[in-house]
Amino acid sequence: MASRVNRPRAGEALGTRNEATRRHNLSSLLTLVHRADGLSRADLTRATGLNRSTIGALVGDLVDAGLVTEEHPETTGVGRPSPVVQPRRDVVALAVYPDVDAVSLALVALGHRIVARERIELPQSPSPAMVVELAADAVAGWVEEGSPRVVGAGVAVPGLVRAEDGLVVRAPHLEWNDEPLGEELAEALDVPVDVDNDANAGLIAESLYGAGQGVSHLIYLNGSTSGIGGAVGVTGSVLRGADGFAGELGHILADPDGLACHCGRQGCLETEVNLQRLEAAAGGPLDHSRLEESLGSSAAVEDELTRQARVLARGIANVTSAFNPRTVILGGFLGLILDRRGDLIRELVVRHTFAPLADSLTLTRAALVEDQVLIGAGELAFRSLLADPLGE
Ligand SMILES: [Zn+2]
């Protein structure tokens, strides 16, 4: 990411080349400040290898563009402390996460912190038009309260998404088919919109800010009301597959004689490992915001946890043999199963995985708890600003 300003060579189109270098450096600087949620000029100098006066000029450009501020720490003792470059909290991305029972919305500020959020519970799963309307209303309300500069929107959808144009090809739990959600939302909000699969968004957030930091090969499995989402991270990118649908790990085959799945087949991982079957064992609906407490530890719950842990371990073993990840991150209720049956799952994963691939595998709970999908959706929306901060 870092690059040095090259010494000019005679005969080259210096203006163009210097301009391209400047834009590249602005992108590197803003990305560093966004990811660290603020860095000193001295840290930026170290991280980029650029000299102090170049950093000063580039930071000045970002301040003028309204993207960062500079804070001068108070002098204590000898020497002048380096000014700290802070991302501006009023530069925000809208994050949208439609699920079967609610639409979650948030403003994620530059610096990757959520600065406003709303979860709208719904009696039935939302239509795409309803999602667009709720998103537009929420933005209007937030703009009235403060004056955020919304640079884009990111939508995380539990389903198959064509990321190039934001077409939701198939979201079985929402009963959406070929919905041009990206286009419709972009028209309503008048900002660029990026749409992706919810597990891909979660993986992006966990790998930048959560349990996957610094891990080059990882798998993210998330258990929610609408089943199991999966994503495969390879050296900083999400594995996309030929059609962009890779990582549908909730639909790997767990039991050919299992229950019918929303995808039209039977015995998928998510029909055998799911929240509804845990709820049935617990004897009624669980409080999803206090899942661990509300699940309890009756004999039926304990048996069901063991059954689901065994199936989940086989699934993890299969994807581990296929992708050789260093870390498998479990989010949502899968994280709870890992907490309650960690020893059993680890033992079975080792037993079912082609041996060398399990030797250095780590299984861990997602670190960003409830927020990874929204932060990841915000990250999608910030991509173009971070790539070209001045948008010239
Ligand atoms: Zn399925």
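Me: In this predicted model, what places Arg119 in a strand, and which one?
Reply: Strands are DSSP runs of E covering at least two residues. Arg119 falls within residues 114-121, which form strand 6.

Me: Why is Arg119 called partly exposed?
Reply: The relative accessibility of Arg119 is 46%. Buried requires under 20% and exposed over 50%, so Arg119 counts as partly exposed.

Me: Which residues does Arg119 touch beyond its sequence neighbours?
Reply: With residues up to four places away left out, Arg119 touches Asp101, Ala102, Val103 and Ser104. For Ala102, the separation from Arg119 is 17 residues in sequence and 6.6 Å between C-alpha atoms.

Me: What makes the pairing of the Arg119 and Glu121 side chains a polar contact?
Reply: The two side chains are 3.1 Å apart. A polar contact is a pair of N or O atoms within 3.5 Å, one able to donate a hydrogen and the other to accept it, so the Arg119 and Glu121 side chains qualify.

Me: How do you know which protein atoms are donors of the zinc ion?
Reply: The cut-off for a donor here is 2.8 Å from the metal. His251 (ND1), Cys261 (SG), Cys263 (SG) and Cys268 (SG) lie 2.0 to 2.3 Å from the zinc ion, so these are its protein donors. Along the chain they follow the spacing H-x9-C-x1-C-x4-C. His251 and Cys261 both lie in the loop between strand 14 (237-238) and helix 7 (269-272), so this pair ties together parts that are 10 residues apart in sequence.

Me: Why is the site of the zinc ion called tetrahedral?
Reply: Four donors count as tetrahedral if all angles lie between 85 and 135 degrees. The angles among the four donor atoms are 105 to 117°, so the site meets that condition.

Me: Are His251 and Cys261 buried or exposed, and why?
Reply: His251 has 16% relative accessibility and Cys261 has 10%. Buried means under 20%, so both residues count as buried.

Me: What makes up the largest nonpolar core?
Reply: This core has 34 residues, and those with the most contacts inside it are Leu221, Val273, Ile316, Leu334, Ile337 and Ile345. Helix 11 gives the largest share, nine residues. Another core, of 32 residues, lies apart from it and includes Leu107, Ala135, Ala171 and Val195.

Me: Which residues is Ile316 in contact with, leaving aside neighbours within four places in sequence?
Reply: Ile316 is in contact with Leu221, Val328, Leu330, Ile345, Val349 and Leu363.

Definitions and conventions:
Residues numbered from 1 in each chain as written. Predicted model: local features only at pLDDT ≥ 70, side-chain atom pairs only at ≥ 80, totals over all residues. Heavy atoms only, no water. Helix = DSSP H or I, 4+ residues; strand = E, 2+ residues; numbered from the N terminus. Buried < 20%, exposed > 50% of the residue type's maximum accessible area, 1.4 Å probe, protein only. Contact = heavy atoms within 4.5 Å. Donors = N, O, S within 2.8 Å, 3.2 Å for Na, K, Ca; no water. Tetrahedral: all angles 85-135°; square planar, octahedral: opposite > 155°, others 65-115°. Core = buried A, V, L, I, M, F, W, Y, C linked by side-chain atoms within 4.5 Å.
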